[in-house]
Amino acid sequence: MNKSEAKTTHTLLKRIGAHFGKLENIGNLGGRREDGFDRPAWSHEETRAIKYIQGMAEKAGMVSSWDGVGNLFLTTPGHGNEIVQVGSHMDTVPAGGNYDGAAGIVCGLEAIIPLKPMWERLSRKLQLVIWRGEESASFNAVCKGSEAAFGLCHPDILLRTNHGVSLSEAITAQGFDPSFIAEKKPTLTPEQTEKIAAYLELHIEQAKRLQTDGVPIGVVSSIRGTVRLRIEVTGEANHSGGTPMGIRYRKDANLAMAYMQVAMHEACSYALEKGLDLVQTVGLLNDDEEFNKNHTRIFSNSLTKVSPYGYFAVDIRSNNNAFLAEYVKNTKKIIQEKAERFNVRVKITEILRLAPIEKLDPAVQHSIEASCRDLKIPFIEMPSGAIHDAAVVASQKKKNGNPIPVGMIFIPCRDGISHNPAEYASPEDLARGAQVLSNVLYRLAR
Ligand SMILES: [Zn+2]
């Protein structure tokens, strides 16, 4: 081992302990339950965890500023008008893990602090951004904090509730102002957005490709877009014993839904055979608790009835925008055809449509790869299947008409498990991620 490698290893080992401690502490800030971690959007637990990081950043000499909805920006002192951001979120899904989001913040902090001797000499400032409420589990909307920063949130989401509290009330309770969302007014001024030279985000992979391939770093090339549909099918209740088989006699909602799903799966397989990027999941079938509160027809089903009503929700993702739009159109057609075949009525509601980021910034991606080579850390290029705040930032254009340059780094998580209390990233993988991040920040800010 040469001198520089010995130094690298030393730094790595030193950081392993630091990361582990910080994540443990975040997990113990009141959000821990028997069955996992719980830091919903705009909850006291989320605020407490954000303030914990704020305390450490300020102690290191960074300057903090909250925006109108409660996103926190922690900036290094120094010169230069522009900033290089590294961001992530602190909220979790109910009974979730402690690494989805929080790992990105801890690694971001650990990437910025070791550069302290250089802060004043860099030509750009460094900024750690802690976004509010990224998970759609609370208030049924994704990336709420980052979207609010750029004025992208739909005002309707303020009325959505989590445990009986509206988003508007939750934001107010944490001391912030929901009128930014109500009026679609960005919390960041156009000047502030213009100053963002680049945005980086480190995240656990939430799949097991890195672990399977034995590679410690994923350099994200694209972020899949999403379309979510709710399909409600109305048939007719009839006696299961007395009603003969066949559509002349039966309008069977359950049977129609089964055929719809098989046909959708076949369409998906066909697209995959053609080499297109696509994932498709029916995650809800008659069992959306929130939806069932207002749609009690679902409870009229019974074992001895031809099914009068049912619904399912499908989540469709691709990193190819034109294909995704075409595919969703075709999916709706398939559903209609099956409804006609089984003599039932169908209502298709689009719950969400988010365009993919087909290509993250090539220059930032190149910097991440150069940093990995520098540190002799193996990497692979890969798409992100999940949505991240990075996608919201990458959708924002600067005055020159180009999007804000965005890059993402994935680190492995054990067995690909995420949104689960068993979620885990090793201190070694966290440390390696922070090292790469630190190296990239330096490249982009020097
Ligand atoms: Zn996340």
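## Ground rules

Buried here means under 20% relative accessible area, with exposed being over 50% and partly exposed in between (1.4 Å probe, protein chains only). A salt bridge is a side-chain nitrogen of Lys or Arg within 4 Å of a carboxyl oxygen of Asp or Glu.

This is a predicted model, where local features need pLDDT of at least 70, side-chain atom pairs count only at pLDDT 80 or more, and totals for chains, interfaces and linings use all residues. Residues are numbered from 1 along each chain as its sequence is written, and side-chain values use heavy atoms, with hydrogens and water left out.

## Salt bridges

By this rule there are 12 salt bridges. Take Arg224 and Asp277: their closest N and O atoms are 2.8 Å apart. Arg224 sits in the loop between β10 (217-223) and β11 (225-234), and Asp277 in the loop between α9 (253-273) and β13 (279-285), so the pair ties together parts 53 residues apart in sequence. Both Arg224 and Asp277 are buried. Helices (H or I, at least four residues) and strands (E, at least two) are DSSP runs, numbered from the N terminus.

Asp315 and Arg228 also meet in a salt bridge, at 2.8 Å from N to O. Asp315 is in strand β15 (residues 309-318) and Arg228 in strand β11, so this pair ties together parts 87 residues apart in sequence. Asp315 and Arg228 are both buried, and a salt-bridge network links Arg228, Asp315 and Arg317.

Then there's Glu46 with Arg132, at 2.7 Å from N to O. Glu46 belongs to helix α2 (residues 44-59), while Arg132 is in the loop between β6 (125-131) and α4 (144-149), 86 residues apart. Glu46 is buried, at a relative accessible area of 0%, and Arg132 is buried with 0% too.

## A covered helix

What about helix α3 (residues 102-112)? It is mostly covered, with 11 of its 11 residues buried. Among them are Ile105, Cys107 and Glu110.

## Two domains

The domain assignment (automatic or from a database) gives domain 1 (3-223 + 357-445) and domain 2 (225-354). Their C-alpha centres lie 35 Å apart. Counting contact as heavy atoms within 4.5 Å, 11 residues of domain 1 touch 10 residues of domain 2.

How many salt bridges are there between domain 1 and domain 2? The count is zero.
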